[in-house]
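Open the model in your viewer and keep the selection panel at hand. The stops below say what to select and what is there.

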Amino acid sequence: LRLPSFIALTTRARRRNKGYQALTRGMIAAAAGDTRYAARATRDAEKLLGADPLTLLLRAQTAQLEGDRALSEKTFSQMVEDPQTRLLGLRGLHAEATRRGDSESAYLFASQAQTITPLGWAGEALLDWHVRRGEWSSALEIVESNRKHKLATRDIADRQRAILLTAQARQQADNHPDQALRDAREAVK
């Protein structure tokens with residue numbers, strides 16, 4: 001009487017194992033840059049595992065290797081919908097936006113990720129955004145946040161802070177010389 005359920009359980013386990021083997025082969029192929037083999041392994045893994053988070057990651061990486069930016073962005077967008085893969089999806093979308101030169105979208109994706117949890121890549125992206133726009137006080141806040149969350153060493157954070165204070169002092173030199181002097185002195189410290 002238990003034989004049909006035992007056979008079904010065994011079949012599901014075998015299918016899952018084959019799916020994870022295909023996933024492993026695909027990840028290795030994608031990391032090695034073997035587009036054709038990664039695409040075949042992606043198809044196998046999707047057929048055997050469905051929309052597993054790792055299968056989505058493999059699909060996105062394979063699409064990036066193949067140069068299919070639309071599929072890559074679509075897959076990363078699917079990942080953003082799942083709380084388990086949201087940060088990975090945001091990082092992928094950030095990378096795609098950066099690749100196509102859309103700095104505003106890249107900023108929004110990094111900002112979303114940073115509000116979920118402080119991350120090194122998001123902190124650096126936000127710092128770069130604020131520096132390019134000359135928003136020194138916002139950039140200083142990002143540097144402090146990176147130091148506080150140990151995403152940057154104290155030495156690196158101090159050096160970045162000194163650079164930003166110097167830039168801020170130069171910008172304020174004509175209109176607010178007293179504040180510019182205070183910022184310059186703090187940068188020298």
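**Stop 1: the pocket.** Select Thr98, Ser103, Ala106, Asp128 and Arg132. Of the 13 residues lining the largest pocket, these lie nearest its centre. This is a predicted model, so treat what follows as computed from it. Now colour helix 5 (86-99), helix 6 (103-116) and helix 7 (120-133): these are the elements that each give two or more residues to the lining. Which helix gives the largest share of the lining? Helix 7 does, with six residues. Colour the lining by class next.

**Stop 2: the main core.** Select Ala110, Ala113, Trp121, Ala122, Leu127 and Leu164. They have the most contacts inside the largest nonpolar core, a set of 28 residues. Helices 5, 6 and 7 each supply at least two residues of this core, and so do helix 3 (53-66), helix 4 (69-81), helix 8 (136-148) and helix 9 (154-172). In soluble globular proteins, nonpolar side chains tend to be buried together.

Zoom in on Trp121. Leaving aside residues up to four places away in sequence, Trp121 touches Leu87, Leu90, Arg91, His94, Phe109, Ala110 and Ala113.

**Stop 3: the other core.** Select Ala22, Leu23, Ala38 and Leu49. They are among the eight residues of another core, which lies apart from the largest one.

**Stop 4: the aromatic pair.** How many aromatic pairs does a search of the whole structure find? It finds one. Select Tyr107 and Trp129 to see it: the centres are 4.5 Å apart and the planes are at 20°. The pair counts as stacked because its angle is under the 30 degrees cut-off. Tyr107 sits in helix 6 and Trp129 in helix 7, so the pair links parts of the chain 22 residues apart.

Is Trp129 buried or exposed? Trp129 is buried, because its relative accessible area is 14% and the limit is under 20%. Tyr107 has a relative accessible area of 24%, so it counts as partly exposed.

**Stop 5: a loop residue.** Select Lys150, in the loop between helix 8 and helix 9. Lys150 has a relative accessible area of 73%, so it counts as exposed, the cut-off being over 50%.

How values were computed:
Residues are numbered from 1 along each chain as its sequence is written. This is a predicted model: local features need pLDDT of at least 70, side-chain atom pairs count only at pLDDT 80 or more; totals for chains, interfaces and linings use all residues. Side-chain values use heavy atoms; hydrogens and water are left out. On a 1 Å grid over the protein atoms alone, a cavity is a set of points where a 1.4 Å probe fits but cannot get out, and a pocket is an open set with protein on both sides within 12 Å along at least five of seven lines; lining residues have an atom within 4 Å of a point. Helices (H or I, at least four residues) and strands (E, at least two) are DSSP runs, numbered from the N terminus. A nonpolar core is a set of buried Ala, Val, Leu, Ile, Met, Phe, Trp, Tyr and Cys residues joined through side-chain atoms within 4.5 Å. Buried means under 20% relative accessible area, exposed over 50%, partly exposed in between (1.4 Å probe, protein chains only). Contact means heavy atoms within 4.5 Å. Rings of Phe, Tyr and Trp (its six-membered ring) pair if their centres lie within 6.5 Å; planes under 30 degrees apart count as stacked, over 60 as edge-to-face and the rest as tilted.
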